Amino acid sequence: MKYMMVVNKKEMVEKVWDLCDAFLFGIQDYSVNFPYYISLDELKELVIKLKAKKKEVFVSLNKNFHHEELEGLKQLLEALKTLEIDGIFYYDIALVTLKQEGMIPFPLIWSQEHLTTNYDTCNFWQKQGVDMALLSGEITLDEILEIRKHTTMKLIVPIFGYLPMFVSKRHLVKNYLEKFQLSKKNTTYFIKKEGNTYPIIDHKYGTEVYSASILNGLTESIVLKEASIDYGLITSFMIEMDDMVKILKNFHEANEKTAPVLEEEINLLLEKPTDKGFFYKETVFRVKKYEK
Amino acid sequence: MKNKPELLAPAGDLERLKIAILYGADAVYLGGPMFGLRANANNFSLEEIKEGVLFAHEKGKKVYVTVNIVMHNKELEALETYLKHLKECQVDAIIISDPAIIPVAHKVGLEVHLSTQQSTLNYEAVKLWKALGVTRVVIAREASEADIADIKNHVAIELECFIHGAMCASYSGRCVLSNFLTARDSNRGGCSQICRWDFDLYGDDEKLEGEKPFTFCTKDLSMLKVLPKMIELGIDSFKIEGRMRSIYYIATIVSVYRKVIDSYFKDKEHYQYQERYEQILTNCANRESTVQFFNGSYGVEAQYYNGRIELSNQDFLGVIIDYDDETGYATIEERNYFKLGDQVEIFGPEKETFSFKITEILDEENQKIEVVNHPLQVVKVKVPKEVTKLSMMRKNI
C-alpha cells in the first residue's frame with residue numbers, strides 16, 4: 001500500500017516527501033475540503049520536484065461546478081495536460097463526461113466522499129472509464145475488505161486525519177457573525193456540542209465541517225496493506241509539520257507486533273482526540289420502533 | 001408558451017397520496033419498504049404501492065418511488081428482486097442517487113429519475129446521466145436560474161426542481177453530520193437533522209455568542225415569487241418536499257401551487273403574484289421561507305435562528321368527512337381547537353375557498369356545543385356552501 005499525503009502548506013511537501021509515495025493537492029477555486037489550496041503555477045513547480053523524487057502527483061477537482069465555472073474547469077484541464085499528473089479526483093460527474101470526450105488524458109478517481117460505499121458502484125464507474133475510487137470514511141473495515149474482493153479498481157482508503165463531514169455553499173459562520181454583529185476572527189472556527197469540538201471552515205465557496213476526532217488507522221493500515229488496498233490517504237489538516245513527520249515514520253515502521261505501541265505514540269503526541277472513525281462502527285438508518 | 005409543468009407532491013402514506021392527487025398534484029413520489037431516504041417515515045408496503053398506483057392511474061396521475069439511498073455492499077443483493085416488485089406494481093419511475101441501480105432498473109424495465117442527492121448543477125453532468133439512460137434529473141437545490149437555463153439549452157432531458165419545503169444546509173449528499181453525531185446514516189435514510197441543532201461557536205478560544213445560538217438551520221424554500229420564471233425556463237416538474245408532512249400541509253401546499261400554475265397558464269399577461277398565497281404557505285409550515293439559490297439569495301437572510309422552538313400548525317381546524325346537502329351540515333373531524341363565532345375558511349379539491357363565521361356546532365348526539373377542543377372529535381358544523389369530502393377547515397388567513 002502506498003501512502004498518499006495531503007499537506008497543509010507548501011513547505012510540508014519537502015519535509016515529508018521521503019515518507020510518502022504520492023501527494024494529493026487541492027487546486028485554488030476547483031477543490032473543497034483541503035487544508036491548503038495550490039495555484040497552478042505552484043503546482044507546475046512542485047510537479048517537477050516531485051517527479052524528480054519519483055513521487056506520484058494527484059490533483060483533486062472535487063467541487064460542485066456551476067455552469068459559469070465549466071469554462072475555467074476546461075481551461076484548467078488543458079493546462080494540466082502539460083504536467084505529469086497521475087490522476088484527477090472528482091466529485092462532479094461533469095468530469096466523467098469530459099474524460100469520455102477525451103479532455104482528460106489522466107486516470108480519473110471517483111471521489112464523491114460519502115457516496116463511495118459499495119463495490120457495484122465502483123464497478124459501474126469503472127465501466128464509465130474511471131480508474132480508481134477513494135472510499136468513504138463512513139464504512140467499516142469489513143466493508144472495505146469486501147469491496148476489495150469484488151472490484152479490480154484501484155482503491156484509496158482514508159487512514160489518518162480529520163474526516164470531512166459537511167460541505168455547503170452557504171456561509172454559515174459569516175452569516176451568524178453578520179446576523180448578531182459579532183467580530184470576525186482570523187483563525188479556524190470551532191463548533192462545540194456535547195463535549196465534542198468540530199472544526200468549521202467558512203471560505204470563498206461556502207462552509208466545511210470536520211470530525212471532532214482524528215482518525216488514527218495505523219493498526220488497520222496493516223490489514224489494508226495485506227488486503228492489497230492500493231493507497232492509504234493521510235491528511236494533515238490541523239496537524240503540526242514535525243508531528244506529521246513522526247506520524248508518517250510510525251506508519252512506515254508499523255507491523256503486526258509494533259502497531260499498538262506506535263499507534264499509541266501518535267495518540268499521545270497529538271494531544272487531541274483520536275479514534276477509529278467508522279472502521280468498527282456500523283451506522284444505522286432505521287429507528288427500531290418504525291421498522292417494518 | 002411552455003408546456004405546463006408537472007406538479008409533484010410527496011406522499012407519506014396512502015391517505016396523503018390520495019389527498020395530494022385530489023388537491024391537484026399531477027404526480028406523487030413515495031418511499032417503499034426498502035432503499036428510501038426516509039427510513040423512519042411510515043413508508044408504503046408493496047401492497048399499498050399497488051393500491052396507490054391504481055388510484056393515481058385511474059385519475060391519469062403518476063407515481064414515482066424513491067430508491068435513493070447510497071447502497072452499502074449488503075444492500076446490493078436484495079435490489080433486483082425489489083425493483084421487480086416495483087415493476088409489478090406498475091410504478092411510473094424510480095428515483096435513484098446511486099448509479100449502480102441504473103442497469104438493474106433498466107433490466108427490469110423501470111424508468112429512472114436521478115435524485116437531487118447527486119447535486120447536479122451543470123450540463124456536462126446531465127449529458128452523462130442522459131447517456132446512461134436516466135430520463136429525468138432532479139437538479140441541485142443550489143442551482144441558480146442561469147444554471148438551469150444553461151442545462152436546458154444544452155441537453156434535451158426532463159428537469160425537476162424543488163419549489164417548496166425544507167432545505168438541506170449542505171449540498172445534498174455531502175453531509176454526514178448525522179453519521180458522526182448520532183451514528184445514523186444520512187445517505188441511507190437515517191438523517192437525524194443535525195442541521196437543526198444548536199451549537200456553541202468559538203473563534204480564537206472565545207465563545208461567539210449572539211442573541212440566538214449558532215445553527216446550520218435555514219429557512220424553507222418557497223418559489224412562489226419566481227414561479228413564472230421557472231415555468232418559462234421550461235422546467236418539466238415542480239417538486240414539493242415533505243414526505244413526513246401532514247395531510248393539511250400536503251393539501252394546502254399542493255392546492256396553492258395548483259392554483260398559481262393554472263392561473264398563469266390561463267392568462268399569462270394578467271397573471272399577478274398574490275401575497276395571500278405566500279401567507280397561506282408560511283402559516284401552513286410555521287416556518288419562514290425564501291427563494292434562496294435560484295436568485296442568489298442564500299446569505300444571512302436565508303438562515304433560521306429560532307432557538308429550536310417550532311410550534312405545530314394551529315391553523316388547521318379539521319377535515320370534512322361528510323356533508324349533508326339537505327341540512328347544510330358538514331361533519332368535521334377536529335385537528336385544532338375552534339369555537340362558535342370563529343371566522344374560518346374551507347378549501348377543498350376542485351372547489352373555490354370560501355370563508356364564514358361559525359354559527360352552529362352539534363356534537364355526535366346532535367346537541368349544540370360551543371367549543372370543539374378534543375383531538376379527532378367529530379362534530380357537525382353548519383356551512384353556507386356545499387363542501388366535498390376531504391375538504392379542510394382552517395382559520396381565516
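Helices here are DSSP runs of H or I with at least four residues, strands are runs of E with at least two, and both are numbered from the N terminus. The model to which these terms are applied is a predicted one. On this basis, chain B contains ten helices and 22 strands.

The overall dimensions of chain B may be considered next. Along the principal axes, the C-alpha atoms of chain B occupy a box of roughly 65 × 60 × 50 Å. Of the 397 residues in chain B, 52% are counted as buried. Among the contacts in chain B with a separation of 6 or more, 65% join residues 24 or more positions apart.

Chain B also meets chain A. The contact between them draws 56 residues from chain A and 61 residues from chain B. On the side of chain A, the elements that give two or more residues are helix 4 (94–100), helix 5 (119–127), helix 6 (141–150), strand 8 (154–168), helix 7 (172–179), strand 9 (189–193) and strand 11 (206–216). Helix 7 of chain A provides the largest share of that side, with seven residues. By residue class, the side of chain A that touches chain B comprises 28 nonpolar, 13 polar and 15 charged residues.

Strand pairing also links the two chains. Strand 9 of chain A pairs with strand 8 (residues 198–203) of chain B in the antiparallel sense, over four bridges. A:Ile191 stands opposite B:Leu201, which belongs to strand 8 of chain B.

Within chain B, the domain assignment gives domain 1 (6–171 + 218–302) and domain 2 (316–395). The C-alpha centres of these two domains of chain B are 32 Å apart. Their contact takes seven residues from domain 1 of chain B and seven residues from domain 2 of chain B. On the domain 1 side, helix 1 (14–22) and helix 9 (247–266) of chain B each supply at least two residues. Helix 9 of chain B makes the largest contribution to that side, four residues. The residues of domain 1 of chain B that touch domain 2 of chain B divide into six nonpolar, one polar and no charged.

Definitions and conventions: Residues numbered from 1 in each chain as written. Chains lettered and ligands numbered in written order. Predicted model: local features only at pLDDT ≥ 70, side-chain atom pairs only at ≥ 80, totals over all residues. Buried ≥ 20, exposed ≤ 12 C-beta atoms within 10 Å, placed from the backbone. Contact = placed C-beta atoms within 7 Å. Nonpolar A, V, L, I, M, F, W, Y, C, P; charged D, E, K, R; others polar. Pairing = 2+ DSSP bridges. Domains from an automatic or database assignment.
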